[in-house]
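Subject: A structure for you to look at

Hello,

Here is the structure I promised to pass on. Please open it first, and then read my notes below alongside it.

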Amino acid sequence: MNTCNICNNEINYTAGGAALMMAFVRGHTTNLINVSVCETCYKIFMDTPMKMLNDKCMLNINFGDED
């Protein structure tokens, strides 16, 4: 299993943990970002900001919240 980048707990992705991979490109520089977070840290630190980013940028990310 992977560990959370925030609290170092083990992550169970089927129970609500998440992995995020982003490419940030500006000018001639490209940064690849990989972040894994447990369910608790996702709810505290990422849930609302990610949903705001998704809505404002029209990314159409499926968060798996709906059945």
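Predicted model: local features only at pLDDT ≥ 70, side-chain atom pairs only at ≥ 80, totals over all residues.

In which strand does leucine 20 lie? Leucine 20 belongs to strand 1, which covers residues 18-26.

Residues are numbered from 1 along each chain as its sequence is written, and side-chain values use heavy atoms, with hydrogens and water left out.

The overall picture

Of the 67 residues, 18% count as buried; buried means under 20% relative accessible area, exposed means over 50%, and partly exposed is in between (1.4 Å probe, protein chains only). The accessible surface comes to about 5500 Å², with 53% of that belonging to carbon and sulfur atoms. These areas come from the Shrake-Rupley method with a 1.4 Å probe, and for residues only the protein chains shown count as cover.

The two strands

Strand 1 and strand 2 (residues 29-37) run antiparallel and are joined by nine bridges; two strands pair if DSSP finds at least two bridges between them. Valine 25 stands opposite threonine 30 in strand 2. The hairpin of these strands has two residues between them, and glycine 27 takes a positive phi near 65 degrees there.

Back to leucine 20, which is partly exposed at 22% relative accessibility. Leaving aside residues up to four places away in sequence, leucine 20 touches Ile33, Asn34, Val35, Met46 and Met50. A contact means heavy atoms within 4.5 Å. The C-alpha atoms of leucine 20 and aspartate 47 are separated by 12 Å, and these residues are 27 apart along the chain.

The helix and its salt bridges

How many salt bridges does the structure hold? There are two, a salt bridge being a side-chain nitrogen of Lys or Arg within 4 Å of a carboxyl oxygen of Asp or Glu. Side chains of opposite charge can pair when their charged atoms come close.

One of the two joins lysine 43 to glutamate 39, with the closest N and O atoms 3.2 Å apart. Both residues lie in helix 1 (residues 39-57), four residues apart, or about one turn of the helix. Lysine 43 is exposed at 57% relative accessible area, and glutamate 39 is partly exposed at 33%.

The other salt bridge brings together the side chains of lysine 51 and aspartate 47, again 3.2 Å from N to O. Lysine 51 and aspartate 47 are also in helix 1, four residues apart. Lysine 51 is partly exposed at 27%, as is aspartate 47 at 22%.

Further along, asparagine 54 is found in helix 1 and counts as buried, at 10% relative accessibility. Beyond residues up to four places away in sequence, asparagine 54 touches Leu59, Asn60, Ile61 and Phe63.

Core and surface

The largest nonpolar core has nine residues: Cys4, Ile11, Ala18, Val37, Cys38, Cys41, Tyr42, Met46 and Met50. Helix 1 gives the largest share of this core, four residues. Such a core is a set of buried Ala, Val, Leu, Ile, Met, Phe, Trp, Tyr and Cys residues joined through side-chain atoms within 4.5 Å. In soluble globular proteins, nonpolar side chains tend to be buried together.

Which residues does cysteine 41 touch, not counting those up to four places away in sequence? They are Cys4, Ile6, Cys7 and Met46.

Asparagine 8, in the segment before strand 1, has a phi near 70 degrees, a positive value in a residue other than glycine. Asparagine 8 is exposed, at 57% relative accessibility. Methionine 58, in the segment after helix 1, has a positive phi of about 50 degrees although it is not a glycine. Methionine 58 is exposed too, with a relative accessible area of 67%.

Enjoy exploring it!

Best wishes
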